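Subject: Structure handover and notes

Dear colleague,

I am passing on the structure we spoke about, and below it I have written out what was found. Please read the notes with the coordinates open beside them.

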Amino acid sequence: MRRKLLTTVLSVIALALFLAVPRLSAQDDIFVTPIPYSPFSGVINVERSVVRQDGTVVNLKTTRAIHRDSRGRIYNEYRTLLPTSSSETPQATHVLLYDPQTRTSTTLFPPQHTYRSSTTRRPPATTPPVFASYGPPNAFTREEDLGVQEMQGLGVHGIRHTQTIPAGTGSSDKDIVVTDEYWYSEDLRINLVLKHNDPRTGSVLMTVTQIARTEPDSSLFQIPDDYTGPETAR
């Protein structure tokens with residue numbers, strides 16, 4: 001009886017920790033590592049579904065460019081999400097630039113032709129962040145090794161994290177299964193695919209395509225002459 005009670009208590013504690021600990025997920029974006037001597041360019045295709053409060057689902061999409069040069073400098077573009085039925089070109093909202101040699105991070109805002117820059121003391125990461133640890137194995141979390149595949153001519157290794165929130169937790173009367181999946185290219189040191197699915201909020205699918213292993217135009221990593229920053233704003 002005591003053993004059964006102890007098991008129940010430990011399970012409740014594990015669930016409480018699982019729900020309380022912040023976790024990274026696939027929707028945290030494609031992280032381009034600022035490593036040198038491995039230039040490339042690519043396009044991130046984003047498919048997102050959003051579950052509204054009334055239960056209806058909105059399907060959205062966008063495409064974004066990413067670049068890395070031989071110095072490890074990063075160009076990461078962000079654009080508006082559009083309905084999947086739209087034929088419009090998504091508008092750029094901002095662009096992130098990063099120089100690992102100076103540790104300078106710059107955000108460009110194309111609509112306003114402005115920018116802001118900052119530096120960090122932390123050394124640049126050389127691998128993308130993996131999903132946060134869920135603590136000791138328990139009944140609510142599971143990790144699957146999906147093996148190795150080839151994507152865009154590159155070998156990738158897949159991992160899937162499954163999180164089960166039991167029925168009766170919160171307002172749900174049935175189990176809620178949340179999945180996060182990523183496919184990592186050791187050659188490029190980036191994730192080529194990120195997937196996230198939560199039946200309560202929606203799903204995200206990000207795939208990197210049109211990969212070119214050539215040197216990007218150096219002007220991409222510069223602040224345009226007609227952009228104003230905090231020190232030059234009028």
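The charged end of Arg-64 is placed over the ring of Tyr-78, at 4.2 Å from the ring centre, where a charge counts as sitting over a ring if NZ of Lys or CZ of Arg is within 6 Å of the ring centre and within 35 degrees of the ring normal. Before going further, please keep in mind that this is a predicted model, in which local features need pLDDT of at least 70 and side-chain atom pairs count only at pLDDT 80 or more, while totals for chains, interfaces and linings use all residues. Residues are numbered from 1 along each chain as its sequence is written, and side-chain values use heavy atoms, with hydrogens and water left out.

Arg-64 also has a charged partner, since its side chain meets that of Asp-29 in a salt bridge with an N to O distance of 3.1 Å; the term stands for a side-chain nitrogen of Lys or Arg within 4 Å of a carboxyl oxygen of Asp or Glu. This pair links distant parts of the chain, with Arg-64 in strand β2 (residues 57-68) and Asp-29 in the loop between α1 (2-20) and β1 (40-51), 35 residues apart. Helices (H or I, at least four residues) and strands (E, at least two) are DSSP runs, numbered from the N terminus. Arg-64 counts as buried because its relative accessibility is 5%, and Asp-29 is likewise buried, at 15%; here buried means under 20% relative accessible area, exposed means over 50%, and partly exposed lies in between, with a 1.4 Å probe and protein chains only.

Across the whole structure, a search finds 10 salt bridges. In one of them, Arg-200 and Asp-198 meet through their side chains at 2.7 Å, N to O, and here Arg-200 is partly exposed at 44% relative accessibility, whereas Asp-198 is buried at 7%. Salt bridges that share partners also join Arg-142, Glu-144, Arg-160, Glu-181 and Lys-195 into one network.

Turning to the strands, which pair if DSSP finds at least two bridges between them, β3 (residues 74-79) runs antiparallel to β5 (residues 92-99) and is joined to it by six bridges, with Val-95 in β5 as the bridge partner of Glu-77. Strand β5 is in turn joined by five bridges to β6 (residues 104-109), again in an antiparallel arrangement, and there Leu-97 has Thr-106 as its bridge partner in β6. The two strands β5 and β6 form a hairpin with four residues between them, and Arg-103 in the turn has a positive phi of about 60°.

Two further residues deserve a look for their backbone angles. His-113, in the loop between β6 and β7 (114-119), has a positive phi near 55° without being a glycine, and it is partly exposed at 34% relative accessible area. Arg-189, in the loop between β10 (176-185) and β11, is not a glycine either, yet has a positive phi of about 60°, and its relative accessibility of 30% makes it partly exposed.

As for nonpolar packing, the largest nonpolar core has 24 residues, and those with the most contacts inside it are Leu-192 and Val-208; such a core is a set of buried Ala, Val, Leu, Ile, Met, Phe, Trp, Tyr and Cys residues joined through side-chain atoms within 4.5 Å. The elements giving two or more residues to this core are β1, β9 (154-165), β10, β11 and β12 (202-212). Apart from it lies another core, of eight residues, among them Val-95, Leu-97, Leu-108 and Tyr-227. Leaving aside neighbours within four places in sequence, Val-208 is in contact with residues including Ile-30, Val-43, Ile-66 and Leu-192, where contact means heavy atoms within 4.5 Å.

Finally, Asn-197 lies in strand β11 (residues 190-198) and is partly exposed at 33% relative accessibility. The C-alpha atoms of Asn-197 and Thr-179 are separated by 5.3 Å, although the two residues are 18 places apart along the chain.

With best regards
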